[in-house]
Amino acid sequence: MLPIPDLPLPGFTPYDAKDPETSFEPIEPLLPPDGSPNVLIVLLDDVGFGASSTFGGPCATPTADRLAAGGLKYNRFHTTALCAPTRAAMLSGRNHHSVGMGSITETATSAPGNNSLRPNTKAPLAMTLKLNGYSTAQFGKCHEVPVWQSSPMGPFDSWPSAGGGFETFYGFIGGENNQWDPALYDGTTPVEPPATPEEGYHLTEDLTDRACSWVRQQKALMPDKPFFMYYAPGATHAPHHVPEEWAAKYKGQFAEGWDKLRESSFARQKELGVIPADAELTSRHAEIPAWDDMPDEIKPVLEREMEVYAGFLEHTDHQVGLVIDAIDDLGVLDNTIVYYIIGDNGASAEGTVNGAFNEMANFNGMAALETPEFMLSKMDEFGSPSSYNHYAVGWAWAMNTPFQWTKQVASHWGGTRNGTIVHWPEGIEDPGGLRSQFTHVVDVAPTILEAAGLPEPTVVNGVQQSPMEGTSMLYTFNEPDTPERHDLQYFEMFGNRGIYHKGWSAVTKHKTPWVMVGGELPAFDDDLWELYDGSKDYSQANDLSAEHPEMLAKLQRLWLIEATKYNVLPMDDRTAERLEPEMAGRPTLIHGNTQLFFPGMGRLSENSVVSIKNKSFSVTANLQVPEDGAEGVIIAQGGRFGGWALYARDGKAKFVYNVLGIHEFATEATETIPAGAHQVRMEFAYDGGGLAKGGDVTLYYDGEAAGKGRVEATQPMVFSADETTDIGYESGTTVSPDYTAKDSRFTGKIEWVQIDLGDDSHDHFIDPEERFRIAMSRQ
């Protein structure tokens, strides 16, 4: 039962504390059993099985190599095929649908297995360890917060430092972040990066500095108390941001393309012994273009994409090494269980067949804007602060050697099998060993509890707990030949699904990850299933469904049983529809067609602001303008890679709509805003006729037209995964190059700003006395 109840001890209670018989039991700190190990979980992002040098890949990972030499390599460790589900499963010891994380938070629905809400009957591992006397800290990515709870007002039940059980959190909320200019939180408080890219800032390095400082302080102040540190950098999720010197190491190494790269990685994997000698290299599917079929003019860009990615992974591994060194310098590495999980899913194929300079283009169905000519013009900028880049589908496929498919494809090992290392000198007697028992990310939590000598709690914070669904891996540490104990596991993501049972796997791919819009999906019952015998076929290379139809039918039925047990049903293969809260059926923070803002509000995620996409809208601001004129941001949403802003430039109102950092449409008033109290308004009249259309812009001062302009195209789905909305300033990167974040603060006074959806003009003016009545009645 957690918290452990405080039980009063019976005994003599004196009247006077000076009584010589006064005696009480000493106050003892809460500690786990003697010898309980420290715990460090390192979880990288979007790294395929065949990427790291430790598992035969082309990207140098000396830290992983070093830990593997002193620990164990696992070549049949599995994730869920997507980031938030893997993290939710690992931190709870339950399957991802059991904790409501059937997909990412941004596509949550109202179905129990997909609502992004972890039930309070499934307490996280960090909470269990904290309530048993561990110090707990998380650094990096948290993608488990429901989007309607991600504003600065919470609620914070799903945030790491509140309901998540981590006493310290420094990192970001969401699926990805700009490595050069991230949106950071210290606990639940928004903070700005301590330096700029020009001053040498990089997110992974910042997280490393924080992690090293924390563990040193923890051991300096509480040397007898073990720690649980969760280090989860945003790397190597897109955008692939890395200092140029790291990418330059790989110059020219990928000129032969992804088909040859898979062959060379496959050969190294066999040399290293990380795959069986009889393993086969799976074939390339027709949806993935051959390197030789790619246009010659774009191949230099494709090479550059992979060079940047390789440097990004090596840079990340180097930062992991600094954390390991900090723990080693304290003399506690030998009794620290280190889980180094190289990827929370397979490598990401969300970058289109050509890759992307701004991956948001594909998420908006606008990848065609990034023409080969455009990509070539930006080639030298890949990985820099001016990019938001991703690599091509072919590279992702190569990073998953020797398996089929990629991230999101939960049916095949390319989406779910990740190289993993466990290092614990005091608990492992076979350094440098290889383990091939089937294991899964849900096994991590029960392993740590068993190693720490702690029971799985039955009650946490007064709520009866459901049992963990993983199986401890502790038996594998020193028993390499013991049969696997985790011999049944379902997989499912967006309809891509499969099941593993005692060596056999039955799988069906339903959906292609990089097809974001359009494309015909078959009915679930029309999906074609494949069957593989894992005892003889490590990589799922030989489909036996025709030879063993009885086994296939048995496993299909078993998948349905497991899916029913763990809240997988109903399956949901929708994508764009699930980004829209009303269509998905999840709550929204903002209701209605009006939203009111006040100065100083900021760091509002896209899910915390009423959506202005694919419709007419207006922005109205009541201002006090100084005698020397107005300057700075009134309201801005998004940033350099897509968004819009209403601001004052040289005293004049200006509206800018930035489409993916490729096209900028500006409308500027003809006159300056007069000094004194005035209302500035922007009206956008959407053309209609579908998604991503343009519209006419009109600027008003106190209801009188002050400027006209045109926006030729808009972003239909999302502005940014990490940029936010700010009032009176702009954080992160800026929508317009007219200003920087440092000089974006509005020089006058903003009384309020209001967004209204639709084409109701209010006669181009909102009576300040009536603004609250209007706003509240329309929300």
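I started at phenylalanine 438, which is buried at 0% relative accessibility. Buried here means under 20% relative accessible area, exposed over 50%, and partly exposed in between, with a 1.4 Å probe and protein chains only.

I noted the ground rules next. The model is predicted, so to speak of local features I need pLDDT of at least 70, side-chain atom pairs count only at pLDDT 80 or more, and totals for chains, interfaces and linings use all residues. Numbering runs from 1 along each chain as its sequence is written, and side-chain values use heavy atoms, with hydrogens and water left out.

**Aromatic pairs**

I looked up the ring rule. Rings of Phe, Tyr and Trp (its six-membered ring) pair if their centres lie within 6.5 Å; planes under 30 degrees apart are stacked, over 60 edge-to-face, the rest tilted. The count by this rule is 31 aromatic pairs. Phenylalanine 438 pairs with tryptophan 413 in a tilted arrangement, 6.5 Å centre to centre and 55° between the planes. The two sit 25 residues apart: tryptophan 413 in helix H11, phenylalanine 438 in the loop between strand S11 (433-435) and strand S12 (439-440). Helices (H or I, at least four residues) and strands (E, at least two) are DSSP runs, numbered from the N terminus. Tryptophan 413 is buried too, at 4%.

I then checked tryptophan 644 and phenylalanine 655. They form a tilted pair, at 6.2 Å and 35°. Tryptophan 644 is in strand S22 (residues 642-649) and phenylalanine 655 in strand S23 (residues 652-659), eleven residues apart. Tryptophan 644 is buried at 0%, and phenylalanine 655 is buried at 0%.

I also found one aromatic cluster, made of Tyr250, Phe254, Trp258, Trp291 and Trp395.

**Charges over rings**

I used this test: NZ of Lys or CZ of Arg within 6 Å of the ring centre and within 35 degrees of the ring normal. Lysine 509 has its charged end over the ring of tryptophan 405, 4.6 Å from the centre. Arginine 497 lies over the face of tryptophan 559, 5.7 Å from the ring centre.

**Backbone**

Most residues other than glycine have a negative phi, and most peptide bonds are trans. I looked for exceptions.

Leucine 2 and proline 3 are joined by a cis peptide bond, omega about -5°. Proline 3 is in the segment before strand S1 (38-43). The bond from threonine 401 to proline 402 is also cis, with omega near 10°. Proline 402 is in the loop between helix H10 (393-399) and helix H11 (413-416).

Alanine 81 has a positive phi near 90°. Its relative accessible area is 0%, so alanine 81 is buried. Arginine 603 has a positive phi of about 55° and is buried at 4%.
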